[in-house]
Amino acid sequence: MMISPHNDKAQHTHISSFWSSPSLNLGLILVIPSVVLLVLVSTLVPHPSTFSPLSSPWKWRYGGHWYSSIFNGSSTDSPFMEAETDKLAPNMSFSDALIDKDVDNVTSTTRVVKRSSKLEMVEAYMARARSSIKEAARVGNLTSIHQDPDYVPHGPIYRNANAFHRSYLEMEKLFKIYVYQEGEPPMFHNGPCKSIYSSEGRFIHEVEKGKFYTTQDPDEALVYFLPFSVAMLVRYLYESESLKTDAIGRIVIDYIHVISGKYPYWNRSLGADHFMLSCHDWGPLASSYVPHLFNKSIRVLCNANTSEGFTPAKDASFPEINLLKGEADIGGLPPSRRSILAFFAGHLHGYIRYLLLNEWKDKNDPDVQVYDQLPKGVSYMSKLKNSRFCLCPSGYEVASPRIVEAIYAECVPVLISDGYVAPFSDVLNWKSFSVQITVKDIPNIKRILMGISQRKYLRMQRRVKQVQRHFVVNPTPKRYDVFHMINHSIWLRRLNVHIQDFGVP
């Protein structure tokens, strides 16, 4: 259809009158400043820090449930890993990487400087470590292919020896702990070293010495240690007459409030890169006072009970070690001289022990020797060292020092528990050097153990001797011992977390 000049002119006149309309001008005067203000606010005001668990392709199994891991050789790629790994040049040092300088093409004196926070650099190094460990997990050999002057992980005691070794070496290069200095002994920066809770005290004292993994610069830390001892809190704050534990919860809450008000790190991650530890069976109780504070944190617990909220994907199982004399008694008779099939001695302590004592205590079976109290003159340690299998039932809490006692005595541990996650289970293949018996099979203990062939028993016993190094407490920690393995468990949990701080320009 043709448009006449007259119509075209009318249309032009209509448009001109529209743009010159007073109402439109008033609207533009009101709207344009509002739009500019919104743009400025969205640009200048930082978004809050966020915590995002890393969606990892790695899987491992705990009690029938799947969790993220890096030790089963999965080759699925991680989008985060691809995005983050290229941030650093291969030979760039940590300090050099903090400021990446590019010379501007216009003049030789003008530089365009890209500043990255230390947190971004830390996360970039972590991404590279993840990539390295994932690559190592593709190797299915029973022996690590990495060189090591002290020890090369090997054999079926590991889920993946090569991945563990690579992870351990990466930890030695990158892992840094910042210990908050707030708090006073005896409840902070202190712990028992000669008791059933000695694992707790020994770890605290070693970290406080500052010889391994610790840093004085909190910005370089991968994790932050909350240095209170639950065992000492219970000793000084528990009201035995009223059975009240409120004071324990209050002091933990107050401590979190202090460090979160003084430092930015707790609020930045919601506590996801912070860890606390406890070998006292009230450890989970202490943290349950403030579940909203600890539901992201790494809890290192002896009482690693999944039925009480222990989450293997973020929490670490802590071996319970009873060092009444301050040092371990390691070694035992050779297999050919061990005359007892299975042994246990311990008081009534929880329903599992009740079932065990009720079934076996009064049978006077020379093969399965179970006591609530040893006869006078009979040595507990000599019984352990003379037994092929050592029964390790849970008490009121799932953990038991008898597991490590059995390993020290070179006796194959028999784990009898519900919901217990054994120490270092993400690295160690417990089925290769221990026997796991369900509570319902307590009456069948003798039949189950007699059904294990001599050849299989000898293999398991050799593996117990091999795995000892990971549970030994040394006066000065040695590579791969229990102190370093606990740190490795914490390191793995930190690997599964990506911290972002959007407040950094």
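In this predicted model, Phe 228 counts as buried, at 1% relative accessibility. Phe 228 takes part in an edge-to-face aromatic pair with Tyr 255, at 6.5 Å centre to centre and with 80° between the planes. Because Phe 228 lies in the loop between β7 and α8 while Tyr 255 belongs to helix α9 (residues 246-262), this pair ties together parts that are 27 residues apart in sequence. Tyr 255 is itself buried, with a relative accessible area of 6%.

The count of aromatic pairs comes to 30. Another of them, also edge-to-face, joins Phe 188 and Phe 228, with 6.4 Å centre to centre and 80° between the planes. Phe 188 sits in the loop between β6 and α7, and Phe 228 in the loop between β7 (223-225) and α8 (230-237), so parts 40 residues apart in sequence are tied together here. Phe 188 is buried, its relative accessible area being 7%. Elsewhere, ring pairs link a cluster whose members include Phe 203, Phe 483 and Trp 491.

Next comes His 189, located in the loop between β6 (177-179) and α7 (198-209). His 189 counts as buried, at 14% relative accessibility, and its side chain makes a polar contact of 2.5 Å with that of Glu 208. Beyond its neighbours within four places in sequence, His 189 touches residues including Val 179, Tyr 180, Ile 204 and Pro 227.

Turning to helix packing, α5 (residues 118-137) and α18 (residues 482-495) pack at about 105°, their axes 11 Å apart, which means that α5 is roughly perpendicular to α18. The contact comprises six nonpolar, no polar and three charged residues. Among those meeting are Met 126 and Ile 133 from α5, and Trp 491 and Leu 495 from α18.

Conventions:
Residues are numbered from 1 along each chain as its sequence is written. This is a predicted model: local features need pLDDT of at least 70, side-chain atom pairs count only at pLDDT 80 or more; totals for chains, interfaces and linings use all residues. Side-chain values use heavy atoms; hydrogens and water are left out. Axes are lines fitted to C-alpha atoms, for helices over the stretch in contact, and angles run from 0 to 180 degrees between N-to-C directions. Helices (H or I, at least four residues) and strands (E, at least two) are DSSP runs, numbered from the N terminus. Angles under 35 degrees count as roughly parallel, over 145 as roughly antiparallel, 65 to 115 as roughly perpendicular and the rest as oblique. Contact means heavy atoms within 4.5 Å. Ala, Val, Leu, Ile, Met, Phe, Trp, Tyr, Cys and Pro count as nonpolar, Asp, Glu, Lys and Arg as charged, and the others, Gly among them, as polar. Buried means under 20% relative accessible area, exposed over 50%, partly exposed in between (1.4 Å probe, protein chains only). A polar contact is a pair of N or O atoms within 3.5 Å; within protein, one must be able to donate a hydrogen and the other to accept it, and residues adjacent in sequence count only if both atoms are side-chain atoms. Rings of Phe, Tyr and Trp (its six-membered ring) pair if their centres lie within 6.5 Å; planes under 30 degrees apart count as stacked, over 60 as edge-to-face and the rest as tilted.
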